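Open the model in your viewer and keep the selection tool at hand. This tour goes stop by stop.

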Amino acid sequence: MKVFRGLPNAASRAPCALAIGNFDGVHLGHQALLSDLRAAATRLNVDAAVMSFEPHPRAFFAQLQGDLSKAPSRIANLRDNLSALDQAGVDRVIVEHFNAHFAALSPEEFIQKILVDGLHVKLVMVGDDFRFGAKRAGDIHTLKEAGERYGFVVQTMNTVERNGERISSSAVRAALASGDFDEAKHLLGRPYQISGHVVHGQKLGRTLGFPTLNLRIAHHKPAVMGIFVVQVHGLSEQPLPAVASMGVRPTVDDSGRVLLETHILDQHVDAYGKIIHVEFLQKLRDEEKYVDLPTLTAAINRDADQARSYFKQRNGSATDRI
């Protein structure tokens, strides 16, 4: 799969069937759409392409208005979204930088400059509530009328439901916010994970007796926040039991930067620079600010003990079923 930051250069502008959307989490609804996209691209003998946006348009406008509470939480980082798109059979992803210039494009400019000249679309797939262009002036009817003029087909996405409820990124966010990882798994079609390169931190966890594997979180509003039982994939043949904190570390840091810190239980693993996948299993509690480091250390000890109990019970239950 090829990934472009912005429009491809002239040499790479081969005709395509294009789906437009944020695709945060690439849940089962997205996957059904991408299956239809793949089939259409094969039928037309063109590449299957996706256009997504960084940052999320709603996050851009929320920051512009100075009210980040209006920004949606992020289910997945760009790495994980791209990996899921690749697995869905997408040939090309255009990650469009959503900024003031892009937001100011009129519907006709978006169609002419982006879809026709920039991507040579033969088919465009969007949701039936799709809006585009400055002040959201363009809609599905605008797009279909342009398709007749420029020679591309417009196809709307079919809604995918589970138990009578529409599968959506909002539903996934709600499941993650409530710590319901089983529901999130059913909506995503896979366990909820966050992946990334392990980076050096302040080494405070090591000083406290709890060394951590640290992943930087690029966005400021992840869909999960707090303390969790997790397991880590990518460092051994079997996933490693662990406990993790996703948050801003209010006791020791006032920068507001979000970090995923994962402590592997009862063993030391050197993982700097490696790519790991942290799978979330159960929420233990919300993040808290403590008066001092001894109080923080005692809380981490309790979290680790709870995580050990979780794995002991889970492993015992698995043995009972044999």
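Which residues of helix α8 (residues 181-188) are buried? Select F181, A184, L187 and L188: these are the buried residues of α8. Buried means under 20% relative accessible area, with exposed over 50% and partly exposed in between (1.4 Å probe, protein chains only). Look down the axis of α8: its buried residues fall within an arc of 115°, so they line one face of the helix. That arc is taken from the directions from the helix axis to the C-beta atoms.

Before moving on, some ground rules. This is a predicted model, in which local features need pLDDT of at least 70 and side-chain atom pairs count only at pLDDT 80 or more, while totals for chains, interfaces and linings use all residues. Residues are numbered from 1 along each chain as its sequence is written, and side-chain values use heavy atoms, leaving out hydrogens and water. Helices (H or I, at least four residues) and strands (E, at least two) are DSSP runs, numbered from the N terminus.

**Around α8**

Now show what the buried residues of α8 pack against: α1 (28-44), β7 (161-162), α7 (169-177), β11 and β14. Contact here means heavy atoms within 4.5 Å. Then step just past the end of α8 to G189, which takes a positive phi of about 80°.

**α7 beside α8**

Select both helices. α7 and α8 pack at an angle of about 160°, with their axes 8 Å apart. They are therefore roughly antiparallel to each other (angles over 145 degrees count as such; under 35 is roughly parallel, 65 to 115 roughly perpendicular, the rest oblique). On the α7 side, pick A171, V172, A175 and L176. On the α8 side, pick F181, E183, A184, L187 and L188. Together these residues make the contact.

**Strand β11**

Go to β11 (residues 226-233). Seven of its eight residues are buried, so the strand is largely enclosed by the rest of the structure. Seven bridges join β11 to β12 (residues 240-247), and the two run antiparallel. Strands pair if DSSP finds at least two bridges between them. Find V232, which stands opposite L240 in β12. The two strands form a hairpin with six residues between them. In the turn, G234 has a positive phi of about 110°.

V229 stands opposite Q282 in β14.

**Last stop: H219**

Select H219, in the loop between β10 (213-216) and β11. Is H219 buried or exposed? At 14% relative accessibility, H219 counts as buried. Leaving aside neighbours within four places in sequence, H219 is in contact with R74, A76, N77 and V258.

Methods:
Axes fitted to C-alpha atoms, helices over the stretch in contact; angles between N-to-C directions.
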